[in-house]
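This report describes a single protein chain for a reader who has its sequence and its three-dimensional structure at hand. Please look at both before reading on.

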Amino acid sequence: MSGRTGAARYALRAASLTTALVAWQLLTSLDVDLWLRFSQFPTVADVARAFGERLGGDNYWTDLTDSLTRILTGFLLAAVLGIATGVAVARSRLAEDLLGPVLEVVRPIPAIALVPVAILLFPSNEQGIVFITCTAAFFPVLVSTRHAVRALTPVWEEAVRTMGGGRGRILATVVLPGALPGIFGGLSVGIGVSWICVISAEMISGQYGVGYRTWQDYTVVDYPGVFVGMVTIGVLGWLTSTAVELLGRRLTRWLPRTSYVPGGARARTPRAASPAGAVSEGVSPTARTAAHGNGNGKEARDEHLV
């Protein structure tokens, strides 16, 4: 991407956000009521004024810290448990038979519906909110990991076995690296769902947090404060989702990347490397040449294994 193209894209994004804010200010300041009652909304200026007042107080930063602590704790637990369970279910028939039925029955239940269960199970609201957040992110990570592992081609695994690798090496050099794109897809979905559920849980049973404060502002008819909470939730969700996406790109740098080229020109895609270099060692130059020169993908892989 050239510097001019990058600058144009950022300018377009800034213009899009500015247009939305200007439209919001005009519709609310002019009290427009065309089916949608914008006269009930606070203006952008009102929200900005309330935001400045909140930034100067201690309660806002306390709520921010509590919500971030809950979301990060629950999400990290969900990531570890979801990836481990997904790999186990995808790789082991015993694990699938033991865990599959229970997981499939629990999975359709909305995480926010587990608030009564969390209240009964855990001695404190804090632990219950973390449990709900973890449950919300667990199933997207689990399902994405399971599908990503099952979609892996068996050629790489057979190659590692041929070279004397055991289950641990297969898991470390083939399964996990090959499934990373799918895993991070589930993590991206999971972090968004976690924010939805942690805010809802804070509204129901929390004592501090962005969701709790937003609900309190609504009960006292402080609508600018409600929008301050909404904007805060949106910015936090965007930052955490971006962090997950950047981490995923960094850990999957071996994947081919297609760069956008304006004007309909074909984008150049670098050659993909094998997962973690699982089969790059010990392959003869003759086999490597035959694999790259053959147009048939299956025959190329077979020749690669010889």
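Which residues of helix α7 (residues 154–162) are buried? In this predicted model, they are Val155, Glu157, Ala159 and Val160. Just after α7, glycine 164 takes a positive phi of about 95°.

## Overall architecture

The secondary structure of the chain consists of 12 helices and two strands. Along the sequence, these elements follow the pattern α-β-β-α-α-α-α-α-α-α-α-α-α-α. The chain has 306 residues, of which 32% count as buried. Its exposed surface comes to about 18300 Å², and carbon and sulfur atoms supply 63% of that area. Among contacts with a separation of 6 or more, 65% are accounted for by residues 24 or more positions apart.

## Confidence of the model

For the protein chain, the mean pLDDT is 82, and 82% of the residues reach 70 or more. Confidence is highest in α3, at 93, and lowest in helix α12 (residues 297–305), at a mean of 39. The pLDDT is below 50 over residues 276–306, a stretch that has 30 contacts in the model beyond near neighbours in sequence.

## The nonpolar core

In soluble globular proteins, nonpolar side chains tend to be buried together. The largest nonpolar core of this model has 45 residues. Those with the most contacts inside this core are Phe75, Leu103, Ile132, Phe138, Leu187, Trp195 and Val198. At least two core residues are supplied by each of α2 (44–55), α3, α5 (115–121), α6 (125–150), α8 (167–205) and α10. The largest share, 14 residues, comes from α8.

Phenylalanine 75 illustrates how parts of the chain meet. Leaving aside residues up to four places away in sequence, phenylalanine 75 touches Thr133, Ala137, Leu187, Gly190, Ile191, Ser194 and Val244.

## Polar residues within helices

Arginine 146 lies in helix α6. Is this residue, at 13% relative accessibility, buried or exposed? Arginine 146 counts as buried because its value is under the 20% cut-off. Its side chain is joined to that of glutamate 104 by a polar contact of 3.2 Å. Apart from neighbours within four places in sequence, arginine 146 is in contact with Gly86, Val89, Ala90 and Glu104.

Threonine 173 lies in helix α8 and is buried, with a relative accessible area of 13%. A polar atom of the threonine 173 side chain lies 2.5 Å from the backbone oxygen of arginine 169.

Aspartate 66 belongs to helix α3 (residues 58–91). With a relative accessible area of 22%, aspartate 66 is partly exposed. Not counting residues up to four places away in sequence, aspartate 66 touches Tyr208 and Gly209. Aspartate 66 and glutamate 126 are 60 residues apart in sequence, and their C-alpha atoms are 9.4 Å apart in space.

## Cysteines

A disulfide is a covalent bond between the sulfur atoms of two cysteines. How many disulfides does the model contain? The count comes to zero. Cysteine 134 is buried, at 12% relative accessibility, and cysteine 197 is buried as well, at 8%.

Most residues other than glycine have a negative phi. Aspartate 31 is found in the loop between α1 (3–29) and β1 (33–34), whereas valine 221 lies in the loop between α9 (210–219) and α10 (223–251).

Terms used. Residues are numbered from 1 along each chain as its sequence is written. This is a predicted model: local features need pLDDT of at least 70, side-chain atom pairs count only at pLDDT 80 or more; totals for chains, interfaces and linings use all residues. Side-chain values use heavy atoms; hydrogens and water are left out. Helices (H or I, at least four residues) and strands (E, at least two) are DSSP runs, numbered from the N terminus. Buried means under 20% relative accessible area, exposed over 50%, partly exposed in between (1.4 Å probe, protein chains only). Contact means heavy atoms within 4.5 Å. A nonpolar core is a set of buried Ala, Val, Leu, Ile, Met, Phe, Trp, Tyr and Cys residues joined through side-chain atoms within 4.5 Å. pLDDT is the predictor's confidence in each residue, from 0 to 100. A disulfide is a pair of cysteine sulfur atoms within 2.5 Å. A polar contact is a pair of N or O atoms within 3.5 Å; within protein, one must be able to donate a hydrogen and the other to accept it, and residues adjacent in sequence count only if both atoms are side-chain atoms. Accessible areas come from the Shrake-Rupley method with a 1.4 Å probe; for residues, only the protein chains shown count as cover.
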